[in-house]
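Q: Hey, I've just opened this one and I'm new to it. Can you walk me through it?

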Amino acid sequence: MEATKNKKRDRTGEIYGDYTIVRPAENDREWIARCSCGRERIVKNDNIWKLKRCKSCAAKLRIAKQKGRPKKDKFTEMQNWMRAKRPKFKYDVLYELDYYQCTHSCKGTLINEYRNTASFEVVECNSIDEKVVAKLNRRVNLKKKDVTALCPKN
Ligand SMILES: [Zn+2]
């Protein structure tokens, strides 16, 4: 190798991720890099481009990201892995629902359709079943065979 190539290029002040190169290390091929939080580390010349942030900052970032993520409800979660291949139901149709916890059939609109089941929002039910429906947050999950289309909404 030529002597000029071995000579250390001054990288002081260069920025890699959250790191800034603050000074050369004792070793000719290493540098001291300082994270935005103030933590310092030694980095080899060859790895300098890989610098992102220190472990502590990475962990904080991970937690912040998790907190920022909106909570998915049970129905949305199910939608992702149980989505129906050939949807049978429509969103603008009122359905008659024979839900097993209700004494009478109730009426509802589609929330999500899965392979063999579908979830509905109950819009009308017998007063006897009100309690049950309210307890379920007005959302019921039924087998498709227990659902009958009534008429288009409106
Ligand atoms: Zn840091």
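Q: So in what order do the elements run from the N terminus on?
A: Keep in mind that this is a predicted model. From the N terminus, the chain goes α-β-β-β-β-α-α-β-β-β-α-β-β. That comes to four helices and nine strands.

Q: How much of the chain counts as buried?
A: Of its 154 residues, 14% are buried.

Q: And what share of the contacts with a separation of 6 or more is between residues 24 or more positions apart?
A: That share is 40%.

Q: Okay, the strands. Which order do they take in the open sheet of four?
A: The order is β1-β2-β3-β4, and the pairing is antiparallel. At the edges sit β1 (15–16) and β4 (40–44), each with pairing on one side only.

Q: How many bridges join β1 to β2?
A: Two bridges do that, and the two strands run antiparallel. Strand β2 covers residues 19–24. Ile15 has Thr20 of β2 opposite.

Q: Switching topic: which residues make up the largest nonpolar core?
A: There are 11 residues in it: Tyr95, Leu97, Tyr99, Cys106, Ala118, Phe120, Val122, Cys125, Val133, Val140 and Val147. The largest share is from β7, with three residues.

Q: What does Leu97 touch, leaving out residues up to four places away in sequence?
A: Leu97 touches Ser105, Cys106, Lys107, Gly108, Phe120, Val140, Leu142, Asp146 and Val147.
A: Another core, of seven residues, lies apart from the largest one, and its members include Trp31, Cys35, Val43 and Leu51.

Q: Now the backbone. Where is Asn137 found?
A: Asn137 is in the loop between α4 (130–135) and β8 (139–143). Its phi is near 65 degrees, which is positive although the residue is not glycine.

Q: What about Arg138: what is its phi near?
A: The phi of Arg138 is near 65 degrees, again a positive value in a residue other than glycine. Arg138 is in the loop between α4 and β8.

Q: Why does Asn137 count as exposed?
A: Because Asn137 has 12 C-beta neighbours inside 10 Å, and 12 or fewer counts as exposed. Arg138 has 16 such neighbours, so Arg138 counts as partly exposed.

How values were computed
Residues numbered from 1 in each chain as written. Predicted model: local features only at pLDDT ≥ 70, side-chain atom pairs only at ≥ 80, totals over all residues. Buried ≥ 20, exposed ≤ 12 C-beta atoms within 10 Å, placed from the backbone. Contact = placed C-beta atoms within 7 Å. Core = buried A, V, L, I, M, F, W, Y, C linked by C-beta atoms within 7 Å. Pairing = 2+ DSSP bridges.
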